[in-house]
Amino acid sequence: MKALLLVGCAALLNLRCRAESSGDDESAALQAEATKAFKQKVAPFVTKYCQDCHGNKKTKGKLNLQPALSKPGDAAYVQAWLQALSNVRAHDMPPDDEDKQPTEEERQKFLDAVAKIKYLSPKDPGPFVIRRLTKVEYGNTLHDLLGVDPAVAAELPDEVSGEGYLNTLSPLQMEQYLVIANEALNRALGPAKGPATEAQKRLLGDPPAPGADARAAARKVAQSVARKAFRRPPSQNEVDVLMQVYDLAGQNKLGYPAALRLMLKATLVSPQFLFITPASEAKAGSNIVALDDYQLASRLSYLLWATMPDAELAKQADSGKLHEPEVLKAQVQRMLKDPRSRALFDGFGGQWLDLADIATRTFDPEKFPQMTAELRSAMYDEARLFFDSIVRENRSIVSFVDSDYTFLNETLAKVYGLEKTVTGPEMRKVLLTNADRGGILGMPGVLAATSFPNRTSPVKRGVWVLEQVLGERVPPAPPNVPALEKQDKKTVANLTLRQRTELHRTNAVCANCHKMLDPIGFGLENFDAIGRWRDQDESGGAIDAAGELPGGKRFSSPRELKTILSARKDDLARNLTERLLAYALCRQLEGYDQIVVDRLVKAIAKDGYRMQTLITEIVMSYPFTHRRISDHLASSAHEK
Amino acid sequence: MKNSPLIDRRTCLRGIGASLALPLMETMGWAAPGKGKAAIKPPLRLGFMYMPHGVIPDVFWPDDADNFLSEPPPALNSLIPVLHKCLMMKGISGVPNGPFSGAPHALELSTWLTAALPDAPSRAKINIAISADQIAANYVGGMTSLPSLELATMPQTHKENQAGLNEGYYSHCSFRSATQAVPAETNPRSVLNRLFGDRASGKPGASTKADPLDRSMLDLVIGGARDLRRKLPQDDQHKLDEYLDSVRSVERRIASIEYRLKEAALEKAGVRASKRNASDSLPIEIKIPEGDKRSEYMQVMADLTVLAFQTDTTRVSTYIGSTPNGVSYPELGFNDSHHSQTHHNHQVDKVDKVAKITAFNIEQFAYMVKKMDGLREGDGTLLDNCIMMWGSGLEDGNKHSRDNLPFIIAGSGGGSLKTGQFLNNVSGNQGDLLTTLLGCAGIPLDRPIGIASKTLPEITTKG
């Protein structure tokens with residue numbers, strides 16, 4: 001109901017009103033220009049070429065531009081415009097069989113004007129709703145706090161993470177938090193009568209001397225434990241609650257150590273520990289506030305390390321200077337050098353490259369008996385070490401696509417045919433002389449992740465390159481996929497996979513997308529389904545790796561494909577920026593975020609597309625350092 | 001799939017019945033009437049078990065209503081011994097995909113028990129509707145130490161973006177509220193531990209027993225959380241409400257365990273007479289398999305459900321027997337992923353594999369309900385007091401169609417369902433079916449479930 005009302009409010013907004021809401025002159029000018037461009041270029045183009053299928057109550061391909069025409073800047077239509085943009089740019093729309101076709105000039109002007117629609121969005125950092133720690137973060141935090149093995153959290157249900165973060169808390173999880181808190185404290189504090197453990201000394205200090213004020217000592221402990229566990233100074237109220245727990249223990253005749261233990265347990269099941277919460281209340285009436293330094297420290301620490309801030313970062317937050325650009329930048333650089341920053345690959349990189357589940361993914365054991373646990377883990381580590389090297393050595397993000405080195409051990413070297421020079425189980429850096437390898441496109445883990453269990457899939461690889469590397473949007477296959485099996489089976493059996501895949505194009509419904517997807521995948525056909533080089537495919541026919549990218553760039557081998565892709569620096573940078581920003585913010589990017597991404601990509605380009613610059617710029621960006629408090633930004637802007 | 005590392009050794013848990021579950025069950029029993037008192041009817045239990053991607057309609061649906069029992073289709077072979085206690089109906093449609101037609105697989109599981117679509121404007125978050133199992137748990141959950149049991153075979157972590165929907169929609173079917181997905185447990189040992197405590201799981205050196213002060217401690221923590229809540233903006237408050245709700249549920253659970261332990265102690269001391277019928281079956285044994293064979297794994301999950309029902313530890317269970325995408329069935333002699341085979345384009349070998357996968361899943365369901373039917377309870381069997389629903393969120397995976405969703409209902413819910421029949425022309429939707437089943441289980445509803453517009457009198461005995 002509320003959602004409906006909100007949409008209703010947004011509908012009342014006109015463009016002028018939105019322009020006022022974001023304030024500064026420069027953006028006001030951009031908005032005016034965008035409004036003009038929209039009226040002159042976008043609306044007539046849509047009416048002429050799109051409306052018959054995507055308007056007037058028609059929603060072919062699930063796209064209807066009609067409502068977006070009246071409210072172009074509305075966040076609800078960002079996805080629709082992006083889809084229109086990518087389809088028109090790829091000459092995918094209007095379809096070839098339509099009589100009315102725009103001239104190249106019309107097309108370009110439409111694209112330019114659509115790209116400006118983002119300027120109609122009000123300045124908005126998005127919400128930063130208090131966030132529960134993920135399973136991984138929770139385990140790591142217990143480790144940093146109590147010195148226990150992060151695996152103590154293993155019993156928690158596994159979660160989907162990243163952009164679609166599943167931020168809910170169920171009774172089952174709560175029950176397990178309580179059980180895990182018990183277990184973690186048992187391990188950290190040891191038996192009641194035993195000698196004090198290291199964690200005990202660090203967290204609880206010495207017991208008060210006989211005759212000293214035990215309650216006062218306990219209050220001090222409560223204060224310091226809460227500062228660490230809540231990752232911010234506790235309020236008086238919060239310390240009072242912990243003291244009530246201490247008193248509860250006393251009433252039940254527990255001694256000082258046992259009372260502190262119960263207090264610690266209360267800390268570990270408190271929402272202030274399980275969620276990242278702000279240190280101070282936002283001023284009444286404010287819509288957008290800067291994160292306080294403690295919240296910023298936590299957000300940064302969980303992004304780069306997947307754990308709580310360390311002493312140094314906590315100190316910077318205490319000093320109140322963390323938000324200062326130079327201080328923040330220095331912290332990012334320090335943290336990226338720390339081994340804990342491998343969390344960035346485990347949490348983000350692995351998901352980006354589709355390798356997070358390589359250990360459990362199914363491969364046909366008869367065709368690929370090589371896909372042992374050992375090889376799978378080497379594939380994961382190769383990508384991880386490669387990603388890390390680009391981060392730590394602050395290389396250009398172009399090296400993701402085009403590099404002359406990788407990381408191998410003997411098991412993985414066999415896939416490369418390099419087992420004569422690389423021996424032994426440990427992963428090490430290896431220089432590559434074969435230009436078809438080097439970079440994610442020639443990486444066995446990636447090639448395997450984009451294959452079927454028993455064969456390659458040019459289609460999957462094509463989609464992967466377009467979406468994951470270049471950031472294009474590929475529409476999903478339509479339901480009711482028509483059968484391709486009408487052909488004589490014997491004839492089909494003698495075709496190469498490429499020839500068979502090309503049958504897609506005999507069907508008009510399929511052809512529209514596959515003429516774009518398949519040629520990219522064909523360019524990688526020299527790599528089999530686990531990434532080994534081959535000159536013939538399974539039919540015995542020679543591999544034809546000639547292909548073409550949308551827009552007409554041709555290539556005839558993986559190395560040529562790499563060269564073409566590595567020239568598209570802005571696309572590579574934009575894609576990685578969008579993905580990492582969404583991961584950092586734990587949410588989908590929306591209207592105003594596009595303006596932020598533009599600025600980030602510009603800043604990154606200026607510094608040679610360096611990886612650390614990209615990460616630093618994201619951390620210092622407006623949406624990372626601010627939050628919107630009200631859910632009603634649009635409507636409250638309207639009320640002004 | 002979680003496999004061998006978790007199920008590290010074969011444990012045969014004889015005697016949990018004797019040491020733990022049985023005394024509890026005696027005090028909470030229901031069969032024999034005391035002197036001058038009316039007979040206490042055993043409680044009704046409600047269970048759900050899921051398989052993704054639909055079936056091969058030609059080999060799944062019975063030929064016609066008349067020979068359902070005499071010549072059932074091969075897919076139902078494993079159910080033959082209890083087929084007269086089963087009910088099937090054709091003509092139940094799924095939730096129309098609406099704006100999410102590009103997301104058949106993200107929707108099949110998440111709409112299954114909600115009979116509702118995700119909220120389109122906030123599709124990147126979880127925002128759907130409370131699911132039927134959780135509605136039931138809200139009503140009957142207070143009477144057992146565990147309000148409901150949620151199990152799954154695979155971790156609920158499938159990652160794929162379909163139509164911009166939150167990836168959680170792929171692998172969750174239980175929702176406690178519109179915004180709160182309920183995770184399922186995948187480790188049989190933890191399930192056992194959760195149901196009956198550490199002693200049952202035989203974990204060496206286990207020391208995670210609930211602290212007697214935990215309840216009071218949680219009370220204080222809740223007080224503090226309320227303080228925090230007041231200071232937060234609205235969206236944050238909502239997150240904190242989920243937290244508070246979960247903590248309260250844990251408190252209730254501790255309280256109910258304490259209550260049952262106390263009752264058991266009184267019983268042992270001879271203070272109360274047993275209400276349990278001497279002829280009721282003893283609690284079943286749980287054997288946790290050591291390998292990673294899918295059937296053994298699914299059967300231990302089924303056993304746990306049976307034991308939880310039998311001992312009245314819970315009355316509502318949901319088992320996601322398999323999750324959309326990525327899953328294969330090496331045990332059946334092939335490694336193709338379930339999903340890839342369902343897009344079979346009528347190729348014989350693929351059709352055959354899908355049929356085998358379907359029969360395999362039904363077999364595990366049959367294992368569970370046959371076990372229930374082997375346990376005496378009151379005047380009949382445990383199964384007679386259950387409503388067990390097996391089904392899928394698609395009819396035909398090849399076409400992603402949802403016109404005739406496949407369901408098998410086992411157990412008559414204490415005689416409220418008309419079993420032993422196949423109705424080949426029922427006109428209704430998924431919401432109608434869930435609404436009807438919950439009604440038969442005695443759950444009062446303040447509104448129909450999801451898209452429901454009516455109940456299905458033809459499947460009930462009340463007509």
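What follows is a list of selections, each with a note on what is there.

**Before you click.** This is a predicted model: local features need pLDDT of at least 70, side-chain atom pairs count only at pLDDT 80 or more, and totals for chains, interfaces and linings use all residues. Residues are numbered from 1 along each chain as its sequence is written, while chains are lettered from A and ligands numbered from 1 in the order in which they are written.

**Stop 1: colour chain A by pLDDT.** This is the predictor's confidence in each residue, from 0 to 100. Chain A has a mean of 85, with 90% of its residues at 70 or more.

**Stop 2: show chain A as a cartoon.** You'll find 30 helices and 8 strands; helices (H or I, at least four residues) and strands (E, at least two) are DSSP runs, numbered from the N terminus.

**Stop 3: select A184(A), V245(A), M263(A), A266(A) and I618(A).** In the largest nonpolar core, which has 156 residues, these touch the most other members. Domain 2 (131–276) and domain 3 (350–567) of chain A both give residues to this core, so the core lies between them. A nonpolar core here is a set of buried Ala, Val, Leu, Ile, Met, Phe, Trp, Tyr and Cys residues joined through C-beta atoms within 7 Å. Buried means that 20 or more other C-beta atoms, placed from the backbone, lie within 10 Å of the residue's own.

**Stop 4: zoom in on helix 25 (residues 558–567) of chain A.** P558(A), L561(A), K562(A) and L565(A) are buried here. They cover an arc of only 100° around the axis (taken from the directions from the helix axis to the C-beta atoms), which puts them on the same side of helix 25 of chain A. Their cover includes helix 21 (458–469) and strand 7 (553–555) of chain A.

**Stop 5: switch to chain B.** The cartoon shows 13 helices and 15 strands, and buried residues make up 54% of the 463 residues in chain B. Look for H53(B) in the loop between strand 2 (45–50) and helix 2 (57–60) of chain B. H53(B) has a positive phi of about 75° although it is not a glycine.

**Stop 6: bring both chains back.** How many residues of chain B are in contact with chain A? There are 68, facing 66 residues of chain A, with contact meaning C-beta atoms, placed from the backbone, within 7 Å. Select helix 9 (234–268) of chain B, which gives the most to this side of chain B, with 12 residues.

Terms used
Two residues are in contact if their C-beta atoms, placed from the backbone, lie within 7 Å. A residue is buried if 20 or more other C-beta atoms lie within 10 Å of its own, exposed if 12 or fewer, and partly exposed in between; C-beta atoms are placed from the backbone. Domain bounds come from an automatic or database domain assignment.
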